[in-house]
Amino acid sequence: MEISTLRFGDIEVDENKLIYFRDGLPGLEEYKHFAILQFSESYPVNWIQSIDDGAVCLPVIDSFLAVPEYTFHISDEDVTELEVNSPEDLYVLSVVVIPEELEGMTMNQAAPIIINTETGQAKQIILNGGEYNVRYPVFKEICRLIKEGEADAGSVKEA
C-alpha cells in the first residue's frame with residue numbers, strides 16, 4: 001500500500017504490518033492507523049507515521065534498546081485490550097523529542113507505546129507514579145549503541 005507523508009514523501013508500506021490504536025494516541029485521538037517506518041539514516045530512531053494524515057509522524061525508539069533496565073507493569077485491562085498471549089509478542093516504543101541541539105534528545109518513559117506484533121493492536125499507556133521520566137536523556141546511549149554496533153537496523157523487531 002502506498003501512503004503519502006509530509007516528511008518522507010510517497011512510500012510503500014506493508015498492509016499486514018500496520019498498527020491500530022483503538023483510542024488513538026493521547027492528543028491525537030482521531031488518528032487510529034499507523035505504520036512504523038524504519039530508515040537506516042535515522043536508526044535507532046524510527047517513526048510512527050499516521051496512515052490517516054500524512055502530516056502526523058512521531059519519532060520513536062525501542063524503549064529497551066535505549067534503556068535496557070527500563071521496566072513497568074501493564075494492567076490486566078491493557079493486556080486484554082491488546083490481545084496479548086505472550087510477552088514475547090510485545091514491542092515497546094517511546095516517543096523521542098529531537099531538539100535542534102541533538103545532545104538534548106530525550107525519550108518519554110512515562111508513556112510507552114505498546115504494540116502486539118501478532119495482532120497489530122497498539123496503545124500508548126500512561127504510567128502512574130513519579131518514577132518514570134517524561135524527558136529521559138538518550139543521546140549518549142544512542143551514540144554508544146551506534147559506536148558499539150548494537151544499534152543495527154537489522155535487529156529491529158518487526159511490528
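Let's start with Asp78 and its contacts, where contact means heavy atoms within 4.5 Å. Leaving aside neighbours within four places in sequence, Asp78 touches Lys123 and Ile125. With Lys123, the side chains make a polar contact at 2.6 Å. That term means a pair of N or O atoms within 3.5 Å; within protein, one must be able to donate a hydrogen and the other to accept it, and residues adjacent in sequence count only if both atoms are side-chain atoms.

A quick word on the model: it is predicted, so local features need pLDDT of at least 70 and side-chain atom pairs pLDDT 80 or more, while totals for chains, interfaces and linings use all residues. Residues are numbered from 1 along each chain as its sequence is written, and side-chain values use heavy atoms, leaving out hydrogens and water.

Is Asp78 buried or exposed? Asp78 is buried, at 9% relative accessible area (buried is under 20%, exposed over 50%, partly exposed in between, with a 1.4 Å probe and protein chains only).

Now to the rings. Rings of Phe, Tyr and Trp (its six-membered ring) pair if their centres lie within 6.5 Å; planes under 30 degrees apart are stacked, over 60 edge-to-face, and the rest tilted. By this rule there are six aromatic pairs. One of them is Phe8 with Phe39, tilted, 4.5 Å centre to centre with 35° between the planes. Phe8 is partly exposed at 25%, and Phe39 is partly exposed at 23%. Phe64 and Tyr70 also form a tilted pair, at 5.8 Å and 45°. Here Phe64 is partly exposed at 35%, whereas Tyr70 is buried at 4%. Finally, ring pairs link Phe64, Tyr70, Phe72 and Tyr132 into a cluster.
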